[in-house]
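This report looks at one annotated stretch, the parts of a chain, and a contact between two chains. Keep the sequence and the structure in view while reading.

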Amino acid sequence: MKSPVFAYAAPNTVAEACSLLADDEDAKLLAGGQSLVPLLALRLAAPTTLVDLRLVPALTGITHDQGVLRLGAMTTHRSIERSPLVQDVAPAIAEAAALIAHPQVRTRGTIGGAVAHADAAAEWPAVLLAMDGHVEVTGTGGSRSISAGDLFMGPFMTSLEPDEVITSVSLPIDGREIWVDEHQRRHGDYGLSILAMTYQLSDGLITDVRLAVAGATGSVTRAPEAEAALEGRAPADSNDAITALAAELSYTSDIHGSADYRRDITTTLFQRALRAAGERSGQA
Amino acid sequence: MSFPHSQSPSIAARSIGARVPRGDDPRLLTGRGQYLADIVLPGELHACFVRSSAAHARITRVTTDEARALDGVVAVWTGEDAAKFCEGIVGELEVEGCFATTMPLLARDIVRYVGEPVAVVVAESRYVAEDGCDLVDVDYEPLEPVLHPRSALEGGPSANEELPDNVALRGGKVLGDVEGAFNDAARVIEATFHSGRLSAGPMETRGVIASYDWTSRRLRLWTGSQMPHYIKYCLTAYLGFPENECEVLTPDTGGGFGQKAHIFPEEMLLPLLARELDRPVKWVEDRRENLMTATHAHEQFIDIAYAFDSDARATGVRIRATGDGGAYHQPPWSMGVEPWCTAMVTPTGVYDIPAADLTYEAAATNKTPIGAYRGVGYMAGTLVRECLMDDAARAFKLSPFDIRRRSVVREFPWTNPQGIVYDEGSWLQTIDELERMVDYPAFLERQAALRAEGRFIGLGLSVFVESSGESTAMGKAHDLGGIYHDTATVKMEPNGSVTVTIGLTTQGQGHRTTMAQVVADSLGVPLEAITVRAAESTTYGWGSGTVGSRGAVIAGGAVLRASNVIRTKLVALAASMLEADPADIDLVDGAAVVLGVPGSSVSIIDLATAVYFDQSAWPADFDPTLEATLAYDPARPIFSNGGHAMIVEVAPETGFVTVEKVFSVEDCGTVINPDIVEGQIRGGVVQGIGAALLERLVYDDSGQLVTTTLLDYHMPSMDFSPPFEIHHLETPSSHTPGGIKGMGESGLIAAPAAVLNAVNDALSHTGTVLHDIPITPEQVLRALRG
Amino acid sequence: MTQPAEHVSVQVEVNGRRYQRSVMARLTLSDFLRDELGLTGTKVGCEHGVCGACTILIDDEPARSCLMLTVQADGKKIRTVESLASGREMSPLQACFQKHHALQCGFCTAGFLMSATALLEEGQPTREDIVETLSGHYCRCTGYSPIIDAVEEAAAKEPS
């Protein structure tokens, strides 16, 4: 299990990285490498060039400004989990980071890498979708911002152009409630189901809800019918939404669980989220 | 049978029984262990295998030109190249109804399982060897894969044309009045079980290094094998290397658990490559290869029924055990030992069941060969027996302890219907002790209280008897062929220090420490003065393999016999020097002392020095050889016993099962080192929890193995580790050194049944009873939801 | 270093010693430590980042050395199991492993020790912290509970 041959470059600027990507259509970006290096070892990926972002300055770091939590693409899961800033303004995000794999992987894996990898069983894509996050990207043609809804196209597929680099991830911090939870069979396993939900609570009613599911479905996905069914309801009055969530998504089967099972445990995750909403509503 | 090498001298336990820390540990803890991959020979080449991507196919073409042309590639061999030297390795089990197969070193014409080696690329580095493998092109013409053992035995295509009807093994016996027992039964409790396909999953994968010197015809082969002497024998038998010039070396080994107790094509191929290429060749298996090809284990389909009389006593058993054997017999254990042992040995267990109808069979299938893994045959057999005991307890409305007490054997020696004699045991006491440890009434109370809160806990029980100290007598008792004996050498140096060489390799069981404890008590020397070499080279001694829970008994017996020769000489010399009767001399605390005469003593160091340098101190006719090599093979089969009780909780949200607590009772006779025995229990039990809740090798409908990485083959991690309470019973064997019995497999033998029973107890309000392992969260959730 | 190349130059500090080497870009850090530097105490158990045997400390944080290319460690400080004993004395953690019989075959042990070392350096871990951190390591021999006990005892001894 040794990687095939590739050429390696570690550029010093994003622009250089983009042009290296543009120069070789089989080039791939290397961030933390926690997903890419095993794929190389298994020879399931065989890029001709690896473009390593480790020397590009200003790709790490966490800021909170004007209601936006901005995470540099090369920020590790571990840094996010342990960031006093994140723990202060959005503790649910720090907790979500701690759900990813094991500490020994979180010290190296990055949010930008995980988002670009778009694994259907990864946490960050679900968080981005539920929070209506954005990624800032730069390509040879310039920079743009892509909303999570426009970014994830399917399992391991994004709308990034081949020469584009994610430079940061932005999550709005606007007083909406955030909930991220998952069912892992063992500590650190890929989630059998991951659920991320954001919403407003006013007068005991849930509004403006965004619900995203990963792990249980073929790719990370919103659940618009469940969202609609929950709109304006009290957390306890959520049977329609629970039914909708079970019905509207296309759950996947594999050796770790059938589609029916994944539907059932996604429902229990949703119920937990609603119970938590009920508790928050009671505290308010 | 009575031969001198079956007699073991007596020994006074002093160091034996103590929690002696392992001498190996500082070396291993500081990174100084030398495992196979850590060994680098000058000029070594690296081998990597091209493996079949098809379950069953005709090879129409193998193109190697591009690989050969790659810079750094030294050689590429295909099946034709290997067959020039060796047709293959022959496997079968020496029991009635077994049909042999020949496994080629590299597949020729036909591939029979995914992962079967088809070609080997040898290169200057492992990286380049893998590049070369990518350039080897194999064309396959698909053949129908045979994937289901029971339908395979009914006909249809053959998995391996050597076995046209797919029958690799078939036989059985009817003992006692089975018909009568079932006709008269008050109840028949029966079920069909599936015990899943497992990987032993040692942390260190397999690996081989071969080095050949044409000037001396000397072959050296490093392999982390549990059976190095057998491998050496095969080097001569299959490949024709002169036995006197073959040396098999066993470095530190990262676990074996039975997987490394076979010979593999890779081990036979590398010596040939080293000889023909005239350079050392190394192969280190990667994890994907390990999961795909390093023998699978334990998978069986089992139909079993027990007849019970109106007193809830078991009166008869019927069993049909079918192994899903894979494409070949992997020598020496083969696909046969698993279902054979389950059917022929385990159905009666610790119970007095007078009638038994026993059928075993193994089907050839287009899957990886099945081999031995800790508790081979016993685990599945204990699973089905103990699970039906709990089913019977529910049917008779008895506690799991009471149902077992109705049938448990209480008097020894006891002969079961298969004719196997059990000399002693604490079979009833095990059940009683577990009941006490669990505090059953308190458990029932807690279970009811939690149920009222919507939480579901369950208690599962599993008791076992385990054949241990695998020996010639054991084989004979079970109508199984094979001769087993092992030697040990004990040598005392002029300064009184001792070097011990045993014929058994160690894979982490701590033999170097436990054997030192035996020698310390035999010779009265301190542990620091003893060095034990555990078959690091086949140059010394003979061993039949670290298998069948035999290490402590067999090595212990050989060591004690050899040590006793030295002891006798030291005693004779001391008697002469102290002018005492040899019968009054004891060796203790570094000295020979005259019993009853305080102050009359001579140090062992002085004795050893006198043997080497002072003829004047010798008694008449003294032979100064302070080195002895002796064999050992116990006269009778040795059985240990015990049981586990487990409390589990099932989660209503997910169906996840958590093991809350494990209670273990172990009776392995005299305990040499409780730390090591308890380590074996905990490790085996957690493997059993893995087998019951997590681990499963899965094939798809085309015969592709789906679980080829550790992301898909789930082994227990630390969060699956329960707390343990362990209780030792000690019923010494009267036939082994100091009464020692083996126990290396007990944890895995009995734990899966305890887990399954505990889950079924947790689900008892639902009416669902599960009979397959691994138990999936989905099955549990379905049961809870009704 | 912006022209793509199959070989790269790396400078690392390993166990207090500095090394400069030219290596294949595809060489994993675990292979570098073992094959180039001869530090074979770090074991390779799966090469796809699951078993944890190859765990080392990079700038004091635990990481899987099989999941890193050597070049990704350029300029970093690495510690391996060979660094734990001081002089001829095992670290308290290593001594606790021996005392609790927390290793059998020893193949996974270096990884456990390195993750546990980082954990102990961060403060006083609870039993839950230990399980959370060390669940990223497989051991096939011990059943884990002695490892938890060993780390717990070492934590109690650790001067904080």
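## An annotated stretch of chain B

In an unreviewed entry, UniProt lists residues 30-144 of chain B as "domain: Aldehyde oxidase/xanthine dehydrogenase a/b hammerhead". The model shown here is predicted.

## Domains of chain B

The domain assignment of chain B gives domain 1 as 36-143 + 205-253 + 260-293, domain 2 as 296-474 + 635-785, and domain 3 as 485-632.

Between domain 2 of chain B and domain 3 of chain B, the C-alpha centres lie 39 Å apart. Their contact takes 20 residues from domain 2 of chain B and 18 residues from domain 3 of chain B. On the side of domain 2 of chain B that touches domain 3 of chain B, strand S22 (residues 456-468) of chain B gives the largest share, 3 residues. By class, this side of domain 2 of chain B has 7 nonpolar, 9 polar and 4 charged residues.

## Contact between chains A and C

How many residues does the contact take from chain A and from chain C? Chain A provides 30 residues and chain C provides 28 residues.

Several elements of chain A each supply at least two residues of the side that touches chain C: strand S1 (7-9), helix H1 (14-23), helix H2 (36-41), strand S3 (49-52) and helix H6 (103-106). The side of chain A that touches chain C divides into 15 nonpolar, 10 polar and 5 charged residues.

Note on methods. Residues numbered from 1 in each chain as written. Chains lettered and ligands numbered in written order. Predicted model: local features only at pLDDT ≥ 70, side-chain atom pairs only at ≥ 80, totals over all residues. Contact = placed C-beta atoms within 7 Å. Helix = DSSP H or I, 4+ residues; strand = E, 2+ residues; numbered from the N terminus. Nonpolar A, V, L, I, M, F, W, Y, C, P; charged D, E, K, R; others polar. UniProt positions renumbered as here; feature names shortened; annotations may be inferred. Domains from an automatic or database assignment.
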